[in-house]
Amino acid sequence: MEISQFSESVPYLANFFRTIPKPTQLKLAHSLLLLKNSQRLRTLFYLGRLEAHSNAYHLAFGSPEEDLFREQKFFFSQNGTVWYLLLEPAVWSEDWGRLHQEFTGNLGYIVKYRPERDGSTGSVKVREQDRLWYVVHAILREAAFVPRGAMRWSTGGEAVLNPFFRGLSESELCALSNYQHFRQPERAAEENLRGRAECDLPLDVFDRPEVDVLPEGKSFALRVDDTGTIATWSSLYWIGLVNYHRADRNVYGFFYAGDGRKNWDLPFMVDL
């Protein structure tokens, strides 16, 4: 959730059985505003909380530019007050997504694993701080999305928030095809535009979770509230990541409350 709408967004967490205690809300709202100002960020989002064995990590990310992704920075806090920059590791691997050990709450803790891709017989060491960066990176890339129209591709070639977005209609709310990954487009524009009855290049250039995350159409669980106006999409890979949107309103976001471990058993849990 973007911190300029933090107080307005927190009540929506109740729609997927999450909450932030009032004292924590006040602490986060204040500290995140200070972080935004000190880092000179144009946008700053609170991602949520990763639970560890002896502590927890509050997570946030933002950009100093209007472009949401070009200079994106990750931050963490263990008390909700003091925030630290989470630096990208000099070397990292997608194999880190297969680590099954729980997070400890100790940034210097070392996890060992044996790489699966290079045929190596030795083990690789991963610091918890580096693994934390990877998890934030992977969640945002693979599981976080927003409704179509919430972002637009500017004439200057930047991915920016669309100030004119007014929300999906109730009839559009429950179709995964009406949502887009919250990330820099990775597929060719022609591929993302293909198959749409109506398309608008600045809005539809972004990748679609409907076809990008396997199994297609079965990687997110939909829930709609009793009014039929609020949809939540829970990631079945990154358990704890929920995307939400209210119909006909510029209200949307995503929130994570999980243990930082990916559910690789999903393909065996759904009817293909």
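Predicted model: local features only at pLDDT ≥ 70, side-chain atom pairs only at ≥ 80, totals over all residues.
1. Now for the overall build. The protein contains 7 helices and 14 strands. Along the principal axes, its C-alpha atoms fill a box of roughly 50 × 45 × 40 Å. For 272 residues, a compact globule would have a radius of gyration near 19 Å, and the protein agrees with this at 19 Å. Of those 272 residues, 50% are buried.

2. How does the chain meet itself? Among contacts between residues at least 6 apart in sequence, 56% join residues at least 24 apart. The aromatic pairs below give you two examples of links across the sequence that you can find in the structure.

3. What is the count of aromatic pairs? Taking rings whose centres lie within 6.5 Å, the count comes to 23. One of them joins Tyr46 and Phe255: the ring centres are 6.2 Å apart and the planes meet at 55°, so this pair is tilted. Tyr46 belongs to strand E1 (residues 43–51) and Phe255 to strand E14 (residues 251–258), so the pair ties together parts that are 209 residues apart in sequence. Both Tyr46 and Phe255 are buried.

4. Next, look at Phe69 and Phe182. Their ring centres lie 5.1 Å apart with the planes at 75°, so this pair is edge-to-face. Phe69 is in the loop between strand E2 (56–63) and strand E3 (73–77), while Phe182 is in the loop between strand E10 (179–181) and helix H4 (189–193); the two are 113 residues apart. Are these residues buried or exposed? Phe69 is buried, because its relative accessible area of 12% is under the 20% cut-off. Phe182 is buried too, with a relative accessible area of 3%.

5. Phe69 and Phe182 also belong to a cluster: ring pairs link them with Phe45, Phe61 and Phe254.

6. The charged end of Arg131 sits over the ring of Phe103, 4.2 Å from its centre. Lys262 lies over the face of Trp264, at 4.1 Å from the ring centre.

7. Finally, follow helix H3 (residues 128–142). Its 15 residues reach 20 Å from the first C-alpha to the last, close to the 21 Å expected at 1.5 Å a residue. Where does H3 sit? Of its 15 residues, 13 are buried, so H3 is largely enclosed by the rest of the structure.

Conventions: Residues numbered from 1 in each chain as written. Heavy atoms only, no water. Phe/Tyr/Trp six-rings, centres within 6.5 Å; stacked < 30°, edge-to-face > 60°. Helix = DSSP H or I, 4+ residues; strand = E, 2+ residues; numbered from the N terminus. Buried < 20%, exposed > 50% of the residue type's maximum accessible area, 1.4 Å probe, protein only. Lys NZ or Arg CZ within 6 Å of the ring centre and 35° of its normal. Expected span 1.5 Å × (residues − 1). Rg over C-alpha atoms; globule rule 2.2 N^0.38 Å. Contact = heavy atoms within 4.5 Å.
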